[in-house]
Amino acid sequence: MRVSLRLSIRLILSAAAALLLTLSAQARGPDFEFPAEIAGFARGPRTDYEARAPGLGYSVAYTNGRWKADIYVYDAGVRTIPDGPSSPAVEAQLAQAVGDIRTAVERGFYRGSEDLGPVRLPGAAGTRLACRAIAIDHPALGLTESLLCLTGLGGRFVKFRLSGPAATRPREAEAERFMTGWLDRQ
């Protein structure tokens with residue numbers, strides 16, 4: 001009976017801890033605005049990752065006919081996320097995002113990838129986001145180019161990933177208009 005009581009207490013404490021982690025992730029930071037259209041990109045579906053993996057937040061997809069743009073909002077379990085692109089927390093998340101693409105290659109989701117290095121966007125986004133360009137060989141889409149940008153905003157990480165066929169290479173100015181358009185509404 002004593003072992004059963006200890007097990008019950010552990011289960012209750014574990015459930016309470018999981019609930020607190022989920023609640024704190026949901027309670028922190030503002031609820032961001034996702035307009036129906038931004039700079040020619042139309043809003044698509046929202047995907048919730050938080051329920052099955054606390055800290056992963058959610059994403060909202062946008063498309064403009066040539067590109068797919070995903071905006072991810074999450075905290076990764078980090079308690080303090082400073083605003084802007086220059087904190088160690090944001091730099092670590094950007095490195096992890098690049099690593100996640102390499103992992104996708106290793107798992108067979110992509111045929112290959114190449115980190116093309118840092119990109120500084122024109123305009124206001126250049127000072128508000130840390131960005132990297134990535135070339136991806138996608139099994140269904142062929143060669144694609146992705147622009148991966150990250151910042152801290154309102155106690156959360158905000159990650160943009162714009163992807164399109166390499167033949168219709170995403171223009172940095174177009175990407176900047178989309179990301180700045182979203183950021184300016186927050």
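This is a predicted model: local features need pLDDT of at least 70, side-chain atom pairs count only at pLDDT 80 or more; totals for chains, interfaces and linings use all residues.
Where is Glu50 found? Glu50 sits in the loop between strand S2 (41-48) and S3. Glu50 is buried but has no salt bridge; the nearest side chain of opposite charge belongs to Arg156, and that is 7.6 Å away. What Glu50 does have is a backbone neighbour: a polar atom of the Glu50 side chain lies 3.5 Å from the backbone nitrogen of Leu56.

Now zoom out to the whole chain. There are 4 helices and 8 strands, and from the N terminus on they run α-β-β-β-β-α-β-α-β-β-β-α. Of the 186 residues, 41% are buried. Take the contacts between residues at least 6 apart in sequence, and 53% of them join residues at least 24 apart.

The largest nonpolar core has 27 residues, and Phe160, Leu162, Phe178 and Met179 are the ones with the most contacts inside it. At least two residues of this core come from each of strand S3 (58-63), strand S4 (68-74), strand S6 (130-138), strand S7 (142-153), strand S8 (156-165) and helix H4 (172-183). H4 gives the most, with 5 residues. A second, separate core holds 15 residues, including Ile81, Leu94, Val98 and Ile134.

On to the covalent link. The structure holds 1 disulfide, which joins Cys131 to Cys149 with an S to S distance of 2.1 Å. The link of Cys131 and Cys149 is right-handed, with 115° about the S-S bond. Cys131 lies in strand S6 and Cys149 in strand S7, so the bond ties together parts that are 18 residues apart in sequence. Both Cys131 and Cys149 are buried.

Pro118 counts as exposed because its relative accessibility is 65%, and the cut-off is over 50%. Setting aside residues up to four places away in sequence, Pro118 touches Cys131 and Arg132. Pro118 and Leu147 are 29 residues apart in sequence, with their C-alpha atoms 9.6 Å apart in space.

Arg132 brings us to the charged pairs. How many salt bridges does the count come to? The count comes to 5. One of them joins Asp115 and Arg132, with the closest N and O atoms 3.0 Å apart. This pair links distant parts of the chain, since Asp115 is in strand S5 and Arg132 in strand S6, 17 residues apart. Both ends are partly exposed: Asp115 has a relative accessible area of 32%, and Arg132 is at 23% relative accessibility.

Another salt bridge brings together the side chains of Arg66 and Glu174 (2.3 Å, N to O). Here Arg66 is in the loop between S3 and S4, Glu174 is in helix H4, and the two are 108 residues apart. Arg66 counts as partly exposed at 36% relative accessibility, whereas Glu174 is buried, with a relative accessible area of 9%. Lys68 and Asp70 also meet in a salt bridge through their side chains (2.9 Å, N to O). Lys68 is partly exposed at 40%, while Asp70 is buried at 9%.

Definitions and conventions: Residues are numbered from 1 along each chain as its sequence is written. Side-chain values use heavy atoms; hydrogens and water are left out. A nonpolar core is a set of buried Ala, Val, Leu, Ile, Met, Phe, Trp, Tyr and Cys residues joined through side-chain atoms within 4.5 Å. Buried means under 20% relative accessible area, exposed over 50%, partly exposed in between (1.4 Å probe, protein chains only). Lys and Arg count as positive and Asp and Glu as negative; His and the chain ends are not counted. A salt bridge is a side-chain nitrogen of Lys or Arg within 4 Å of a carboxyl oxygen of Asp or Glu. A polar contact is a pair of N or O atoms within 3.5 Å; within protein, one must be able to donate a hydrogen and the other to accept it, and residues adjacent in sequence count only if both atoms are side-chain atoms. A disulfide is a pair of cysteine sulfur atoms within 2.5 Å. Contact means heavy atoms within 4.5 Å.
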